[in-house]
Amino acid sequence: MKPLTAQEVAFVTSGTLVAGAETLSLSDVFTDTRKPVAGGLFIALRGERFDGHAFAANAVEGGAAAVLVSDLDALAELPAHIAIIEVDNTLRALTTLASVARERMTAKVVAITGSVGKTTVKDMCAAALSAFGKVGRTPGNFNNHIGLPLTLCGLDGDEDFVVLELGMSAPGEITELANLARPHVGLVTGAAAAHLEFFDSVDAIADAKAELFSSLSPGAVAIFNADDSRIAARAPQLAPGQLVSYGAAAGATVHVTNVRLDRSGLTTSLSVAGDAVSVRLRALGTHSAHNAAAATAVVHALGLEPSRAVDALRMNFRPAKHRLELSERADGFTVLDDCYNANPTSMRAALQTLADITPADASLGAVIGTMGELGSTAPALHEEIGAFAKSLGYSFIAATGALAADIARGAAGIATLEVAHDASEIEAAVSAFALPGRFLLVKGSRSERLERIVDSLLADNDPSTAVTTPAARGGR
């Protein structure tokens with residue numbers, strides 16, 4: 001953020017500077033002492049299982065010039081030159097600092113939420129907007145009530161565009177985050193069966209995601225996925241300003257047609273308010289074409305030139321690690337690594353993607369991990385995934401986690417079916433499947449830690465002869 005003095009930090013957070021120089025300049029904020037920032041302000045957050053006050057001394061050892069705390073008695077003795085700011089509530093103070101940082105920005109701000117694709121769309125938006133100026137964005141998935149304030153405080157403050165990801169697990173959270181972000185453009189990628197542990201239905205999830213629309217100012221632009229009937233119905237009802245849509249549905253502002261896939265990526269045609277542009281991406285899956293359309297819709301909503309944006313998208317976008325990364329081993333065995341996370345919609349998309357890019361006679365396999373946060377619907381949804389994989393012709397499935405048996409029940413009858421509580425128990429079976437000319441998807445929720453399988457399969461790969469698609473990432 002643009003620099004504030006220690007005294008200014010104390011003033012805006014309704015705190016007290018109890019030690020240190022009033023004129024100390026602070027522009028960097030952090031809360032994790034494992035990633036200290038030299039000269040930065042350490043904010044001691046408290047949670048159910050942690051207390052940042054216990055780590056203030058570590059933050060100073062890491063180079064912090066100031067600490068912001070709510071309990072002086074919980075602090076170890078700190079060097080005399082360290083500025084100490086006392087507030088009533090450190091999380092509220094962090095949010096206030098983020099609000100100040102947002103107030104001082106001149107950037108056009110884009111906020112993105114949705115059950116699936118929001119991180120990828122965020123990264124695609126950042127790549128597309130890089131053609132027009134300096135872009136800041138949410139790092140990783142810092143998309144909650146702590147991550148968003150840290151993102152806003154972590155920006156330089158002189159960006160031309162800022163792309164923010166908003167996540168939620170309860171009603172009202174998107175409204176709270178959107179009120180902090182105050183976006184000029186708000187985009188909802190869709191509502192799907194994710195987080196059903198916390199919601200009664202997908203309709204309730206759609207209501208929560210659509211809070212972004214109702215939080216927009218009258219001058220803002222609302223962007224919605226025209227192929228998602230729930231979101232398409234809510235956008236016109238809730239958004240106070242201009243509407244832009246994207247998707248394969250007839251009449252979409254950014255219309256997706258002619259998606260062509262191969263193992264190096266995809267090509268698609270987009271009609272942007274009637275003007276045709278062609279997109280080439282080093283990304284896999286039909287859904288990636290729709291994500292590119294979402295990014296192009298943002299560019300259009302900001303009044304920028306789509307053809308320049310898609311060129312920047314082609315050059316600058318690379319999928320994040322463990323997100324549809326296709327690696328061909330030197331012996332000809334291929335792994336599609338999509339183990340970053342999973343829900344029923346993204347699982348179906350990944351299974352379909354591997355089937356789409358492989359020869360018709362190829363031997364297809366999948367390591368399918370349990371999908372979390374699905375509540376009482378989880379067994380049925382896992383069984384449906386097993387059945388879907390079977391319908392696509394998968395001949396090998398290794399199901400892991402608490403609901404592995406449900407996946408297996410849906411896939412019953414395929415040639416090889418393995419069931420295990422933990423991924424380590426299926427490594428031998430997966431290794432036996434991993435022969436030249438075969439293809440394997442690895443996907444599950446983060447809790448399954450399926451990257452272990454990917455690492456094991458590729459551990460002995462010779463990087464001088466192997467081919468990895470998409471190309472090696474750089475400049476995310």
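Predicted model: local features only at pLDDT ≥ 70, side-chain atom pairs only at ≥ 80, totals over all residues.
**Entry 1: α3 against α5**

I started with helix α3 (residues 90-103) and helix α5 (residues 147-154), whose axes come within 8 Å of each other and cross at roughly 45°. That angle makes α3 oblique to α5, since roughly parallel would need an angle under 35 degrees. I also checked the hand, and the α3/α5 crossing is left-handed. Which residues make the contact? From α3 I listed Leu94, Thr95, Leu97, Ala98, Ala101 and Arg102, and from α5 Pro149, Leu150, Leu152 and Cys153. Sorted by class, this α3–α5 contact has eight nonpolar residues, one polar and one charged.

**Entry 2: α4**

Next I went to helix α4, residues 118-129. Its 12 residues reach 16 Å from first C-alpha to last, close to the 16 Å expected at 1.5 Å a residue. Is α4 enclosed or open? I found 11 of its 12 residues buried, so the rest of the structure largely encloses α4. The buried set includes charged side chains, with Lys118, Lys122 and Asp123 among them. Val121, Met124, Cys125 and Leu129 are also on the buried list.

**Entry 3: Lys390**

Last, I looked up lysine 390, which lies in helix α13 (residues 378-391). Its relative accessibility is 39%, so I put lysine 390 down as partly exposed. What does lysine 390 touch, leaving out residues up to four places away in sequence? I noted Gly410, Ala411, Ala412, Gly413 and Ile414. For glycine 410, I have a C-alpha to C-alpha distance of 7.9 Å from lysine 390, with the two 20 residues apart in sequence.

Definitions and conventions. Residues numbered from 1 in each chain as written. Heavy atoms only, no water. Axes fitted to C-alpha atoms, helices over the stretch in contact; angles between N-to-C directions. Helix = DSSP H or I, 4+ residues; strand = E, 2+ residues; numbered from the N terminus. Parallel < 35°, antiparallel > 145°, perpendicular 65-115°, else oblique. Left-handed = near helix turned anticlockwise from the far one by under 90°. Contact = heavy atoms within 4.5 Å. Expected span 1.5 Å × (residues − 1). Buried < 20%, exposed > 50% of the residue type's maximum accessible area, 1.4 Å probe, protein only.
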